[in-house]
Amino acid sequence: MATNRPKGGFYIDVTCPGCGGRLDLQEDFFVLQCSHCGSILRVIMPDTPPAYIIKSDKPKREIRFRVDRHLKDQGLPLTQSDFSLKKIYYPYWKVDALEVKTRGESLSRIETKKTINILTTEINTIGIGQVGQVVKACVSGGVDEPKYQSSDLSVNLVPFHVNQIAGPVVDGVPYSIGMRTAYMKMTPYTDEDIDDQSDFIPVMKQWTEVLDQLSGRLAAEGMRYADPNYVPGRRLVQATGSIVYFPYFICNTGSQKILIDGINGRVVHETKLRGDEQPTQYADPHIEFGKLTVDFHRCPTCGIDLPLTQSHIYICHNCHSVISLEKNNPMDDGVYYSPGNHSRHDPLFPFWVFKLHKKTVAKIAKMAVPGQAPDRIVVPAFRIANFKVLRRLTQRITAAFPQFDRELVETFSKDFQSVDISLPEAITHAEMCLFCEKAVKQPNLSPDKVKINPRSVELLYAPFHEENYFYVDSVINAVTFAKNTIVQ
Ligand SMILES: [Zn+2]
Ligand SMILES: [Zn+2]
């Protein structure tokens, strides 16, 4: 239902470039103040997926104690002098995306949940090939191709978070670490993390491969389905990936090999040691990771500190330059606002304005006469919890846009709301609005095939005032949205 990413959990540990002090950073918060020296800082995410590590500092004796307790529970002899232990860091791909859901798919959604549970819980007891069979058995109720009778297709964007193994299949290592990537503290992985105490299992799977598997363009390895043409897939947009190294201890004692979870100390798996077992060597394909960087949050033109607000666009209060945090998409046309007719201090809400072909705009805004359509589509740049509301607001404000007068913004006052939606995300939202219109006639259309290429980009601030449960625009008094759909 919500188009926002959850704000909870996922702490990343980084250091301040001003004083070297440690910073705790929550996912999604890219501007922060150092609690040690007061510097205002900005975190810059890399283009290639970064790698994080969840560190385990459990001492050897604690792990041995856990193994002993497990052996005792089984009525087996305790560890002897031959006890040995190795810490491994096993890589997982953490995937964060938005999933496109269309009406008529509620059935498949419930079944997909089962799929995940089986993958995470039963992989230890049955082989991965069998898991495929089980999954297929679960889904075999069959999901009909969605058919859309109505002229108005119901589409929703739902946050999608999953993680899955990125390394080679290691006996007993779970396929997924579940929700733990959402609340465990991680630090960016660096070469300094490599020591004699632990083995890092190489990442074998490329990010593009993960995406192809999740989207159903490629079957997951080891999966067999009764119908060879069946590949389960999701329709994902805005997908980002990162590697998370998770700790395990491989313990050998007598003829037992026991795998311990490096965080909670629980036994994950155990097998009988074969006499001829050699330590496995993995050919490392040396997949490059991106680097997270932390920089001072300053105006690139005059060097003055920018405000501590999370926003994708700033106007420097000193030299009045427009500062965009977008790396690859410059904002060419500047920041405008519509003063409206009111002298009162209405909040000004930001919207991304994309110049497109009139036909495309007419389609998105459902204009009866395409020739009269404006050549710009207007998409909210503040967070709205519900895609249906976002789409309706996009349609209404796009149609009303020619009636909004525009003046260049010189400086932000407190009435200007922050830009929560990045430019790429807003483009995705616009594409999804177009997808909704197109998919009515093409039910098999894949959402990632719908692209818009704005010829120019600007930001428009429009004033809104409160009326009961709604915000109503203060320019033409016609564009509304419910107050409670704004995500603060
Ligand atoms: Zn500092
Ligand atoms: Zn400046």
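Metal donors are taken here as N, O and S atoms within 2.8 Å of the metal (3.2 Å for Na, K and Ca), and since water is not among the atoms, sites may look incomplete. By this definition, the zinc ion (ligand 1) is coordinated by the SG atoms of Cys 16, Cys 19, Cys 34 and Cys 37, at 2.3 Å. The model is a predicted one, in which local features need pLDDT of at least 70 and side-chain atom pairs count only at pLDDT 80 or more, whereas totals for chains, interfaces and linings use all residues. Residues are numbered from 1 along each chain as its sequence is written, chains are lettered from A and ligands numbered from 1 in the order in which they are written, and side-chain values use heavy atoms, with hydrogens and water left out.

The site of the zinc ion (ligand 1) is tetrahedral, with angles of 108 to 112° among its four donor atoms. Cys 16 is buried at 3%, while Cys 19 is partly exposed at 39% and Cys 37 is partly exposed at 37%.

Cys 302 lies in the loop between β13 (293-296) and β14 (313-315), and Cys 319 in the loop between β14 and β15 (322-324), so the pair ties together parts that are 17 residues apart in sequence. Both are partly exposed, Cys 302 at 34% relative accessibility and Cys 319 at 29%.

As for the protein chain overall, there are eight helices and 22 strands, read as DSSP runs (helices H or I, at least four residues; strands E, at least two) numbered from the N terminus. Of its 488 residues, 49% count as buried. With contact meaning heavy atoms within 4.5 Å, residues 24 or more positions apart account for 72% of the contacts with a separation of 6 or more. The structure holds zero disulfides, a disulfide being a pair of cysteine sulfur atoms within 2.5 Å.

Key
Tetrahedral: all angles 85-135°; square planar, octahedral: opposite > 155°, others 65-115°. Buried < 20%, exposed > 50% of the residue type's maximum accessible area, 1.4 Å probe, protein only.
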